[in-house]
Amino acid sequence: MTMRLHNLKPRPGAKHRTKRLGIGESSGHGKTSGRGGKGQTARSGGTVRLGFEGGQMPLLRRIPKRGFNNRAFRTRFAIVNVEDLNVFEDGATVTAETLRERGMLKKLLDGVKILGNGELKKKLMVKAHKFSAAARERIAKAGGQCEELPLPGIHHKEAGAPATKQ
């Protein structure tokens, strides 16, 4: 049987009848309409927040805390492999903007890191925020150059500038 618009139907179990509440005791959804007895959860808009234990000290606050997690402040890089750079012409300059134009980066994140997976067949000038050792080696082997850019949002000290005391 060929699939046509007139014989399309949802998969079995995908559609449910709406639960009709408050329609008499014998329906099974009468009186309290599936909300149980009285109290906060029986009221409209009455819910308790996640982890709330009725005023008792919540589990998350009872257990001891150890260590440090830097997840919220980590530096995330958009990753590009060396073999992906073969789409550029010989002698081209590769930057985050040119990678985005080619659709190789969806998001810039905090910077671009070039990894050394694959072979590079073109001589390129690559400007990125980080390079792996293998990537540097492969770019240099192809006759290209690596230029490391400063990370945006991080204040770098200028080379040769004296350190100031505060």
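Select strand 4, residues 125–128, together with strand 6, residues 145–148. In this predicted model, the two strands pair in the parallel sense over four bridges.

Stay on this pair and pick out the residues facing each other. Methionine 125 stands opposite glutamine 145 of strand 6. Alanine 128 has glutamate 148 of strand 6 as its bridge partner.

Strand 2 pairs with strand 4 in the parallel sense, over two bridges. Show valine 94 and valine 126: valine 94 stands opposite valine 126 of strand 4. With strand 2 in view, the whole sheet is on screen. Three strands form an open sheet, in the order 2-4-6, with parallel pairing.

Which residues of strand 4 make up its covered face, and which its uncovered one? Val126 and Ala128 are on the covered face. Met125 and Lys127 are on the uncovered face.

**The other sheet**

Select strand 3, residues 111–115, and strand 5, residues 130–131. Strand 3 and strand 5 pair in the parallel sense over two bridges. Isoleucine 114 has phenylalanine 131 of strand 5 as its bridge partner.

**Histidine 129**

Next, select histidine 129, in the loop between strand 4 and strand 5. Is histidine 129 buried or exposed? Its relative accessibility is 10%, so histidine 129 counts as buried. Look for a polar atom of its side chain: the backbone nitrogen of valine 112 lies 2.9 Å from that atom.

Show the surroundings of histidine 129. Leaving aside neighbours within four places in sequence, histidine 129 is in contact with Phe77, Gly111 and Val112, and also with Glu148, Leu149, Pro150, Leu151 and Pro152. Glu148 is also the bridge partner of alanine 128.

**Serine 132**

Move along to serine 132. This residue sits in the loop between strand 5 and helix 3, residues 133–141. Serine 132 has a relative accessibility of 18% and therefore counts as buried; the cut-off for buried is under 20%. What is serine 132 in contact with, leaving aside its neighbours within four places in sequence? Its contacts are Lys113, Ile114, Leu115 and Gly116. Ile114 is the residue paired with phenylalanine 131 in strand 5.

**Alanine 142**

Go past helix 3 to alanine 142, in the loop between helix 3 and strand 6. Alanine 142 has a relative accessible area of 25%, so it is partly exposed. Beyond its neighbours within four places in sequence, alanine 142 is in contact with Leu120, Lys122 and Lys123.

How many Å separate the C-alpha atoms of alanine 142 and glycine 55? The separation is 66 Å, for two residues 87 apart along the chain.

**The segment before helix 1**

Zoom out and select methionine 3. Methionine 3 is found in the segment before helix 1, residues 59–62. With a relative accessibility of 68%, methionine 3 counts as exposed. Met3, Leu5 and Leu8 make a nonpolar surface patch of about 410 Å².

Now select lysine 31, which also lies in the segment before helix 1. Lysine 31 is exposed, with a relative accessible area of 75%. Check its backbone torsions. Most residues other than glycine have a negative phi. Lysine 31 is not a glycine, yet its phi is positive, at about 45°.

Finish on serine 33, in the segment before helix 1. What is the phi of serine 33 near? Its phi is near 55°, again a positive value in a residue other than glycine.

Definitions and conventions
Residues numbered from 1 in each chain as written. Predicted model: local features only at pLDDT ≥ 70, side-chain atom pairs only at ≥ 80, totals over all residues. Heavy atoms only, no water. Pairing = 2+ DSSP bridges. Buried < 20%, exposed > 50% of the residue type's maximum accessible area, 1.4 Å probe, protein only. Contact = heavy atoms within 4.5 Å. Polar contact = N/O pair within 3.5 Å; in protein donor to acceptor, adjacent residues only side chain to side chain. Patch = residues over 30% accessible without salt bridge, like charges linked within 9 Å, V, L, I, M, F, W, Y side chains within 5 Å. Areas by Shrake-Rupley, 256 points an atom, 1.4 Å probe, with all protein chains shown as cover. Salt bridge = Lys/Arg side-chain N within 4 Å of Asp/Glu carboxyl O.
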